[in-house]
Amino acid sequence: MKIFDPHIHMTSRSTDDYEAMARAGILAIVEPAFWLGQPRTHVGSFVDYFNSLLGWERFRASQFGIRHFCTIGLNPKEANNPKLSNEVLEMLPRFLAKDGVVAVGEIGFDDQTDEEEACLFRQIELAAQFKLPILIHTPHRDKKRGTIRTIDVVRRAGFPEERVLIDHNNEETLPIVLATKCWAGHTIYPNTKMDEQRMAALVKKYGTDRIIVNSAADWGISDPLKVPKTIAVMREQGIADADIQKIVWDNPVAFFAQSGRLDVSDLDQRPAIDRTQKFETNSVLRGDQR
Amino acid sequence: MLTVVERVLAAALGPKRWDGSNAPLLVAYATAPQHVGREALALSPAELDELRAAAPDVGFERWTRDDAARALLLIARRNSGRTGDGFVTDALECFEQGDAREQQSWLRAIALWPEAKAFLPNAIDACRTNIIPVFEALACENPYPAAHFPDRNFNQMVLKAMFNSIALARIVGLPGRLNAELSRMARDYAAERTAAGRTVPPDINLALKDER
């Protein structure tokens, strides 16, 4: 089974995680730009973060045989400081233009403030300008209302729904998203959001069209192997391999291929690992291993 | 106990407490526990009564010695003549440069200042934290949100408390701030939890306007 995890924050994860992910069959991942657990206070912190997603992290993934893509955007949790958010939005274009950036994201709502809405709208406009899809973060709190509001903003911006992936769905929001042309992501977490059993039940109820699952593993309690673990549960529940393959590979690949920056010709081949390679003189090897 | 904290602190700071700059305050604010410790404040009933008379609804009974020391430092800064915008600037530096523990102390005392309203954007922003003790320092045993937050931010704070299994009874002034939108949010939250096969917080009725 070919596996694509379309949402995982590898910056927060260890080399053990990369090894386990490769062993479990994960071939490619998308790392969305998000927040780091506490707010950044200077625009330069964002510049360095975006550069690390495109640079060191992509290189690090390659050292474990995993293709790494990213999305770039100002997340809603850090969109409420107008001075900082303006500075970040102004420098976004030079990152959105880069290879390896396959969407604008994560963008959307957190507390559902006017400032968050303004940043979301401006970034949808940027996505249109750079012909990129968008990855939407839906809020933890007041999620149903936040999802409806997000769809309203997408429509007001006149952005094509088939280029929108709305993430972190649950039983309440999935039917709302499927009633649009947007794609529906599901984050499988150990305690919150969605779990494997509930996900299998949703697939049985709603089918596989536009359905995507991810681990969204980050610096909190989360599990980078949640996509393979969900595959196991879906099999147990009698879901056909072809359907599972569509959810964990075909769908995310088709969605992000809309960026024009995902070379699908050899995506399912594991890249050769050459650990003598270096990134700006840095290697993942230590001392004697070099 | 308060006088002990005050005396220890005065000795630690020495006679040249304040020159023109805010630097001595920032250092003292950060290092307060080194001088007074981190234990519970353990106020006498008389001290507690006196404080409650001056500042109702502030949860002094949960304060630690370093919380008190930091509040006293800010009082000393005000008494040195830095009031109004000057106080706001100096106090905000303590908050913005503070670690989680310093921010907790700062938020616990936020309702004490005549300039309190000026801190509203910072208080709203503080509610976005993922560090639950920092969130609790503002959301719980603290009269500030009910007194100053607009409905939208107050509602988000209550929902976040539920989300983090914090007892709603700890939110000061909640009964007086109930509103239809908060009831709608709480009901949606209960529906979402039920659909996910999870339990609904037992005290969710405290957020519902029409079921009290």
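Trainee: How many helices and strands does chain B have, and what makes a stretch count as one?

Mentor: Chain B has 12 helices and zero strands, where a helix is a DSSP run of H or I with at least four residues and a strand a run of E with at least two, numbered from the N terminus. This is a predicted model, in which local features need pLDDT of at least 70 and side-chain atom pairs count only at pLDDT 80 or more, while totals for chains, interfaces and linings use all residues. Residues are numbered from 1 along each chain as its sequence is written, chains are lettered from A and ligands numbered from 1 in the order in which they are written, and side-chain values use heavy atoms, with hydrogens and water left out.

Trainee: Why is chain B called as compact as a globular protein of that length?

Mentor: The radius of gyration, taken over C-alpha atoms, is set against the globule rule, which is 2.2 Å times the number of residues to the power 0.38. For 212 residues the rule gives 17 Å, and chain B has 19 Å, which is close to that value, so chain B is as compact as a globular protein of that length. Along its principal axes, the C-alpha trace of chain B spans about 60 × 35 × 30 Å.

Trainee: What makes helix α6 of chain B mostly covered?

Mentor: Buried means under 20% relative accessible area, exposed over 50%, and partly exposed in between, with a 1.4 Å probe and protein chains only. In α6, which holds residues 100–108 of chain B, seven of the nine residues are buried, among them W106(B) and L107(B). The buried residues of α6(B) pack against α2, α4, α5, α7 and α8 of chain B.

Trainee: How do you know that E115(B) is buried?

Mentor: The relative accessible area of E115(B) is 9%, and the limit for buried is under 20%, so E115(B) counts as buried. The place of E115(B) is in the loop between α6 and α7 of chain B. Leaving aside neighbours within four places in sequence, E115(B) is in contact (heavy atoms within 4.5 Å) with R78(B), T83(B), G84(B), F87(B) and V88(B).

Trainee: Why is the pair of E115(B) and R78(B) called a polar contact?

Mentor: A polar contact is a pair of N or O atoms within 3.5 Å; within protein, one must be able to donate a hydrogen and the other to accept it, and residues adjacent in sequence count only if both atoms are side-chain atoms. The side chains of E115(B) and R78(B) are joined at 2.9 Å, and this pair is a polar contact.
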